[in-house]
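Colleague: Could you take me through some of the aromatic side chains in this one?

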Amino acid sequence: ACWRRYLFLCAKVRQNPTPKLIKAISKEQFLMQGLLSYLPNCKQLKMTEKLSAARWAMMPAESLCPMKNCTPVFRYFRFFTCRKRGPPMAVPAKLDPKALKPELADFREKTDAFYAGQMPKPEYKGFSGYFGSYAQRSGEASMLRLRMPAGRVTKQRLAFVAGALRSGVKRLHFTTCQTIQLHDLVPEQLYRLIEGALDVGIIPLGGGGDFPRNVMCSPLAGAAADEYFDVTPWAEAAGDYLLHFLHAEKMPRKLKVGFSSSPANLPHATFRDLGFAARPDSLFDVYSAGGLGGSPKFGVKVAEAVAPDQILYYIKAMWLTFRAYGNYENRAKARTRYMQDALGGPEAYAAAYREKLDEVYRTEDLTLTGVAAPVLAKTGAPDAALAAEPRVTAQKQPGLYAVAWHPLGGMP
């Protein structure tokens with residue numbers, strides 16, 4: 001409504017039925033007088049702050065407006081309508097893994113029923129996926145999938161996996177989506193492991209079923225010599241935020257999010273349900289509704305030059321778009337990539353997504369604060385012989401090297 005009033009004002013001022021916004025009023029005039037003097041009847045907009053021209057010039061345009069090719073006036077308008085309208089909803093606090101423990105009682109009850117032959121396998125699969133567990137093909141053992149946000153296997157997470165191996169787990173699998181799966185588990189073993197995972201901060205819940213999955217990231221983010229910037233903290237923040245959708249309205253299918261830090265695009269961010277591809281200017285291009293597998297689709301570029309602290313707006317918009325236009329009737333056509341054709345092509349899909357993005361900007365405050373990449377001050381002595389090794393990669397930190405450990409078939 002505010003935007004329509006502004007268009008009407010431009011038309012009235014210029015006596016032009018199709019006004020060009022950049023010519024309607026000057027940038028300086030707009031900045032000096034503020035929005036309220038131009039929109040006196042807009043009751044939803046409460047804005048008393050005014051930006052000086054100098055401060056405006058210091059603020060990156062892309063962080064103020066997600067739309068491409070914004071005029072300065074439109075960008076200024078969007079900045080305040082997006083951030084000042086309505087009661088903002090803040091970024092939710094990080095989920096406490098131990099708070100999920102009460103849900104395990106239901107998991108134990110139904111898992112016992114399944115292994116007692118009292119629940120059909122398809123019915124159990126529909127239930128157990130939420131807990132990150134599935135019965136294996138034989139129906140005689142289970143698998144447990146452990147989230148590793150941004151693909152980071154920290155010392156604490158690695159210690160838990162090592163402890164699982166020492167306690168009798170005989171087979172584990174490093175997945176392409178950067179999780180670790182424990183296989184051939186009997187029920188009591190499964191219960192002990194899922195509870196122990198929550199105790200050390202690993203959240204298996206949502207690892208299967210129609211939920212946001214583990215957030216993927218470039219494997220050498222923070223170390224790769226060719227990366228634009230370290231995207232790891234932003235990928236981890238995205239993973240934390242997505243966990244809050246575990247108890248939200250059901251999506252048609254799973255949702256996969258990926259972050260790429262370099263031109264190599266190793267996690268295939270452009271082929272994910274939602275992908276953030278780093279740029280040389282330390283911003284992101286955002287791709288949506290992509291996917292591999294059957295009927296693969298390259299993601300639609302829905303935004304360019306997005307500031308990292310704005311990524312949660314795009315995640316929430318993806319969730320809203322998927323729920324609004326995803327296929328709840330046919331699971332074979334329920335992944336986000338099918339929305340491109342269902343909505344009439346990539347451009348139509350991008351328009352639908354941006355509508356949801358506008359909605360999020362109007363109603364929520366999801367700007368991330370306090371997120372920054374760690375600074376690695378350590379350096380070493382360059383070693384030409386070491387760099388020549390086929391499994392060794394020179395890092396961007398002088399004299400430091402990364403070593404690739406690649407178990408055959410994904411299993412040691």
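Colleague: Is Phe127 buried or exposed?

Modeller: Phe127 has a relative accessible area of 17% and is therefore buried (under 20% relative accessible area; exposed is over 50%, partly exposed in between, with a 1.4 Å probe and protein chains only). The model is predicted, so local features need pLDDT of at least 70 and side-chain atom pairs count only at pLDDT 80 or more, whereas totals for chains, interfaces and linings use all residues. Residues are numbered from 1 along each chain as its sequence is written, and side-chain values use heavy atoms, with hydrogens and water left out.

Colleague: What sits over the ring of Phe127?

Modeller: The charged end of Lys110 does, 5.2 Å from the ring centre (NZ of Lys or CZ of Arg within 6 Å of the ring centre and within 35 degrees of the ring normal).

Colleague: And which residue lies over the face of Trp319?

Modeller: Arg323, at 4.9 Å from the ring centre. Trp319 is buried, with a relative accessible area of 7%.

Colleague: Which backbone oxygen does the Asn214 side chain reach at 3.0 Å?

Modeller: That of Cys177. A polar atom of the Asn214 side chain also lies 3.1 Å from the backbone oxygen of Gln178.

Definitions and conventions
A polar contact is a pair of N or O atoms within 3.5 Å; within protein, one must be able to donate a hydrogen and the other to accept it, and residues adjacent in sequence count only if both atoms are side-chain atoms.
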